Amino acid sequence: MTEGDADTTNGVAEKDVFVMNSVDGRSNSEVRLRRTQSTSHAEIITEEERKVRASQPDRPIHKPRDSLLSWSSGFDKYEGIINWGALILVIGGLRLFLENVIKYGIRINPFHWFLWLTEGNESGSHMQTPIFLIASNVHIIFAFYLETLMAKDRLNDALGILLHAVHLVIIVLIPIIVLAIRATAFSLFGRTLICFVYTVMFLKLWSYAQVNYWCRSDRSWRKKGPKRSHSFRKAADKEDWERRSATMEEAASQLVQYPNNLKLSTLYYFFLAPTLCYELNFPRSSRIRKRFLLRRILEMIVLSNILMGLFQQWIIPSVRNSFQTFEDLDFVKCSERLLKLSVPNHLLWLIWFYLLFHSFLNILGELLCFADRNFYQDWWNAQDVGTFWRLWNLPVHKWAVRHVFIPMMKARFSKTTASLTVFIISAFFHEYLVSVPLQMYKIFVFLGMMVQVPLVYISGAVAKRFGERWGNMIVWASLILGQPLGIMVYYHDYVVSNFAPESLML
C-alpha cells in the first residue's frame, strides 16, 4: 500500500468515527448537519438519511409525503366516501320521490301495464304480435334452405350470397312496411318487440351466412390432402408428437364439422342463444344451476316492476307537464325540463341495462347451457367514449368486429373507414329501434350516435391530457345528458301526437 492510499484510508476512518461520535451526541457542537431539501415524493429520501434523521435527539416525526387527496399520494381507499355518496343519493332520491307523490299522487297501476303490453286500437289486436313473431320463422327456414343448397353444390356461392343479401334487406323492411300500414293493430310494446326481434334476426342470419361461407371457402371438409411428414432426431420426440397428434385428432373428431352443422335444430339453438356470432361448436356448461336461475328470474320480475313503476310515476307526468314548455320553445324552461328528466331517465337506463344484459341474457344462457356469459365488461370505468362503446354491449361489439370491421380491414379499407362504417350501422339500428315502433321517422337518434364519433376523439384527448378521471366524467356526462334525453324527445312527441293536448296537462 502506498503512502497516499494510507492517508486516504485514514481519512475515511476518521470521517466514520466523526459521524459515529455525532450520532452518539458526544460531538454535537462539531456536527454540521446536512440541510434538508423540500421534495414532493417521499421516495427521494434515501434509507441512510432516514436513519440519521431518526436518531437525532429532537425526536423528529416529519417526513416528506403528499396529502391523501393528492393524486401523487397513491391513496386509493375511498370506501367511506363511496358510502357517503350512496347515502346522499338515497336521501336525495327519497326526497324527489316524496315530492313526486305529493304533487301527482300514487300513479302506479299494474292494470295499465297489462293494457299497454297487450292492447292496440283494434279489436283482437293483442294476438297480432304473437302471430307476427311466429310468422318470422319463415326467414329462419329460408336461410337454412339456402345454406343447404350451397353445401350440396346445387346453388353457386355468388347467387347464394346475393339471395342472402336481398333476404336480409327484406327482413329490415318488413316491420317498417307492416307497421306503417297496420300501426293501430299493434301496441307500442308489440311494435318495439317486433323491431327488436327482427333486428336480432338480421344480425344472426348475417353471421350464420358469413360463417358458413368461410367454411365453404376453406374446403378442408371436401379435400383431405396428404399428411405432412415430420423428421425427428430422437425416438422419444416422435412418440411425443404422435401422442399429441392422436389427442388432437380425437378432440377434433368430437367437434362438429361443416357441413354437419347444417341442421335446423342447431340454427334454432343459435337463434335462441345469447349471442350474435355463429359458431359450429359453442362452449357448453354441464348442467343448469337452479339457484342461479331462480335468482335471475326474481331479478327480472322485481326490476321489471320497478322499471314500469318509475316510468308510470315519474317519467309520464314530467313529459306531460313539459308539453306547453316545448310548444313555447322557451330555451331556459326546456333545459330545466330536460335536466329534470335526466335523472329518472338515466336511472331507468341503468335498470334496463342490468335487466337485459345480466338477468335476461343469463337466464337464456343458463337454460341453453351456453357457457360464454361475457355480455359486458366494466364500462363504468371507461376512460373515454370509445372504450365505453367497446365494453358495454359485448354481443353487438363482437359481431361488429368479427363481421364488419375485420373483413373491411382484410379488404384493405382504412381503419377509420371501417370504424365509421360500424358506427353508421349502429346508428341506423338505434334509429330503427326508436322511430319504427313510435312511427315517428326522424334522425335525432342517428345524429346523436354520429356525434359519438368526434366525442370519441375528444374524450380520448382529454383523458391523455388531463387524466383518465376527466375522460370518465365525459363518458358519464354523455350517458346522463346525451342520447337518453334524445330518446325522451321522441317519446314526448309520441305522447303529443297520440293524445289530446288537453288531456296532457295536469
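Because R289 lies in the loop between α10 and α11 (290-321) and E366 in helix α13 (residues 331-367), the pair ties together parts that are 77 residues apart in sequence. This is a predicted model, in which local features need pLDDT of at least 70 and side-chain atom pairs count only at pLDDT 80 or more, while totals for chains, interfaces and linings use all residues. Residues are numbered from 1 along each chain as its sequence is written, and side-chain values use heavy atoms, with hydrogens and water left out.

**Salt bridges**

- Side chains of opposite charge can pair when their charged atoms come close.
- The structure holds 7 salt bridges, and one of them joins R216 to D157, with the closest N and O atoms 3.0 Å apart.
- This pair links distant parts of the chain, since R216 belongs to helix α8 and D157 to helix α7, 59 residues apart; helices here are DSSP runs (H or I, at least four residues), as strands are (E, at least two), and are numbered from the N terminus.
- R216 is buried, with a relative accessible area of 1%, whereas D157 counts as partly exposed at 21%; buried means under 20% relative accessible area, exposed over 50%, and partly exposed in between (1.4 Å probe, protein chains only).
- E366 forms a salt bridge with R373 too, the closest N and O atoms again being 3.0 Å apart, and both E366 and R373 are buried.
- Through salt bridges that share partners, E147, D157 and R216 are joined into one network.
- R289 is partly exposed at 35% relative accessible area, while E366 is buried at 1%.

**Nonpolar cores**

- The largest nonpolar core has 45 residues, of which I171, F202, Y208, Y278 and W399 touch the most other members; such a core is a set of buried Ala, Val, Leu, Ile, Met, Phe, Trp, Tyr and Cys residues joined through side-chain atoms within 4.5 Å.
- At least two residues of this core come from each of α6 (137-151), α7 (157-181), α8 (188-218), α10 (264-272), α15 (394-410) and α16 (415-438), and α8 gives the most, with 11 residues.
- Leaving aside its neighbours within four places in sequence, F202 is in contact (heavy atoms within 4.5 Å) with L168, I171, V172 and F429.
- A second, separate core of 21 residues includes F388, A427, M449 and L479.

**Surroundings of F132**

- F132 sits in helix α5 (residues 128-135) and is buried, with a relative accessible area of 12%.
- Apart from its neighbours within four places in sequence, F132 is in contact with I174, V178, F186, I194 and Y198; F132 and V178 are 46 residues apart in sequence and 9.8 Å apart in space, C-alpha to C-alpha.

**Nonpolar surface patch**

- L68, L69, F75, I81, W84 and I88 make a nonpolar surface patch of about 650 Å²; patch residues have over 30% relative accessible area and no salt bridge, with like charges joined within 9 Å and nonpolar side chains (Val, Leu, Ile, Met, Phe, Trp, Tyr) within 5 Å.

How values were computed
Accessible areas come from the Shrake-Rupley method with a 1.4 Å probe; for residues, only the protein chains shown count as cover. A salt bridge is a side-chain nitrogen of Lys or Arg within 4 Å of a carboxyl oxygen of Asp or Glu.
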